[in-house]
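Trainee: I have a new structure open and could use a hand. Can we walk through it together?
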Amino acid sequence: MTATEHTAAASGPRDRAPAERLVIAYAFAPYADTSAVAATKRVAVQAEPVDVISNAMDSLRGRDDSLKDVVGGLVRRRAVLDTPTMFAGWSSVLSFCRAGQRTLAAWAQEPGGTPYTSVYSRAHFIASHLLAALVVGERPGLHWQAEMSDPLSRKATGELREGPEPRGPLAEELATLLAGRGVRMPEGATVYQWAETVAYTLADEVVFTSDGQRDYCLSLVEDPHVRAALAPKAVVTPHATLPPEWYTRRDPDVLGDAPLAGRAGGERQVQVGYFGGFYASQSPQTLLRAAASLAPEDRGRVRVHLFTGQSEELSAQVLEAGAGDVVRVRDRLPFLDFLAATRQMDLLLAIDAAPVEGDTVPHVRLSKWSDYVGSGTGVWGMVTPGSDLASQDLAVRTPLGHQTATLQVLTSLARGTLPARSAPDARP
């Protein structure tokens, strides 16, 4: 190992059977990152011993040590590469890939070696797929499962992502692998397009989390060779849902004095919880305007909690809307606290992303849905007709962006109309 690479101690006795599955996830536990959570849960539900190569993300993401508990007994070896943390800088991709190759070379010399039969990689961040391509290129016969997040080459709003064009020996190695499948990258293609094409062409299985995401990504592929390679191996597997016992590992005090407020005769206040950020294709404004419009007699009877990493910015929006007595902005919770908190709410809120320009429905599956559905708590979906969220078993649904419908739901909740709570082990 070089000075720029750090290997975590194995999480159990070294005399256990070595891992036959390699996980390459640039973002992984214990970092508080959506992709890290998704990859960590995949490992947990597959329940197979793994070696993990990831990146040290302290310069970009905070830590969530509760995530380590989720996979603690499954990780045999872990290399956290201390390379520059960037979404798509070519120099950072190069550093991560070369450090990953050195890590595997060192592991191969250890007792037990690296008897891998499969490799799993997940993006966003895109360097995961590029390192995985190099690994399977060096080790013919490995089964490569590549999981996609959103389309790598497109922003959430549909525009093409800008990025550097890969150059030098690493690009040449990847180009050679693609050429073996009859694919050539066009001049000027960005590193995002390279990562997408490499995974689509070389992986044995490409995982999408919804039918809409798969179909949208397929529609963006212009090279007929790539499209033909991708279509038969594109599979839809929703984000992983942890078993019910994970929702009771913690008991965070997230409500404080809220349950005692508002209702005459000692009745409890209705608690609505939203967990996660608001991305460029989403907006909290419909909710905030509706909350500000609640009648005075209803305002103390319902509380909407927004648990998000965008606290300062969102707090300003709440105050500007005049909804500060109804909507409470909270810090993002550690993952296991978040799972427990979903059981403390009367209703969970999920908001569709807006469709990309030129389309009528959003294509992605909200990653939080997999955690919401495992809680057994009813979900209020603000949906676009035909979207993935709209197709789910929702306790309440209102049209995306419809302020009057949103106000009607808040008013009904304030006046005592709650959806029935499902069993803790409910599944879609």
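Trainee: Let's start in one spot. Which residues does Val43 touch, not counting residues up to four places away in sequence?
Mentor: Keep in mind that this is a predicted model. Val43 touches Val23, Phe28, Glu48, Val50, Val71 and Leu74.
Trainee: Where is Val43 found?
Mentor: Val43 sits in helix α1.
Trainee: Is Val43 buried or exposed?
Mentor: Buried. The relative accessible area of Val43 is 1%, and the cut-off for buried is under 20%.
Trainee: And how far apart are the C-alpha atoms of Val43 and Tyr120?
Mentor: They are separated by 9.4 Å. Along the chain, Val43 and Tyr120 are 77 residues apart.
Trainee: Let me zoom out. How many helices and strands are there in the chain?
Mentor: The chain has 13 helices and 14 strands. Its radius of gyration is 23 Å, close to the 22 Å from the globule rule for 428 residues, so the chain is as compact as a globular protein of that length.
Trainee: What does the C-alpha trace span along its principal axes?
Mentor: About 70 × 50 × 35 Å.
Trainee: How much of the chain counts as buried?
Mentor: 54% of the 428 residues. As for the surface, the chain exposes about 17,600 Å². Carbon and sulfur atoms supply 51% of that area.
Trainee: What about contacts between residues 24 or more positions apart?
Mentor: Take the contacts with a separation of 6 or more. Residues 24 or more positions apart account for 78% of them.
Trainee: Switching to charge. How many positive and negative side chains are there?
Mentor: 42 positive and 49 negative. The centres of the two sets lie 3 Å apart.
Trainee: Next, Arg122. Which strand is Arg122 found in?
Mentor: Strand β5, residues 118-122.
Trainee: Buried or exposed?
Mentor: Arg122 is buried, at a relative accessible area of 4%. Leaving aside neighbours within four places in sequence, its contacts include Ile24, Ser35, Glu147, Met148 and His239.
Trainee: Now the rings. How many aromatic pairs does a search of the whole structure find?
Mentor: Nine. One of them is Tyr200 with Phe208, a tilted pair. Their centres are 6.4 Å apart, with 50° between the planes. Tyr200 is buried at 2% relative accessible area, and Phe208 is buried at 0%.
Trainee: Why is the pair of Tyr274 and Phe278 called stacked?
Mentor: Because their planes are at 10°, and planes under 30 degrees apart count as stacked. The ring centres of Tyr274 and Phe278 are 4.4 Å apart. Tyr274 is buried, with a relative accessible area of 0%. Phe278 also counts as buried, at 9%.
Trainee: Which residues form an aromatic cluster?
Mentor: Phe275, Phe307, Phe335, Phe338 and Tyr372 form one cluster. Tyr372 is also among the buried residues of α12.
Trainee: Tell me about α12, then. Why is helix α12 described as largely enclosed?
Mentor: Eight of its eight residues, 368-375, are buried, so the rest of the structure largely encloses α12.
Trainee: What do the buried residues of α12 pack against?
Mentor: They pack against α1 (34-46), β9 (270-275), α11 (335-342), β12 (347-351) and β13 (379-383).
Trainee: Last one. Which residue follows α12?
Mentor: Gly376. The phi of Gly376 is positive, near 80°.

Note on methods:
Residues are numbered from 1 along each chain as its sequence is written. Side-chain values use heavy atoms; hydrogens and water are left out. Helices (H or I, at least four residues) and strands (E, at least two) are DSSP runs, numbered from the N terminus. Buried means under 20% relative accessible area, exposed over 50%, partly exposed in between (1.4 Å probe, protein chains only). Contact means heavy atoms within 4.5 Å. The radius of gyration is taken over C-alpha atoms; the globule rule is 2.2 Å times the number of residues to the power 0.38. Accessible areas come from the Shrake-Rupley method with a 1.4 Å probe; for residues, only the protein chains shown count as cover. Lys and Arg count as positive and Asp and Glu as negative; His and the chain ends are not counted. The place of a charge is taken as NZ of Lys, CZ of Arg, CG of Asp or CD of Glu. Rings of Phe, Tyr and Trp (its six-membered ring) pair if their centres lie within 6.5 Å; planes under 30 degrees apart count as stacked, over 60 as edge-to-face and the rest as tilted.
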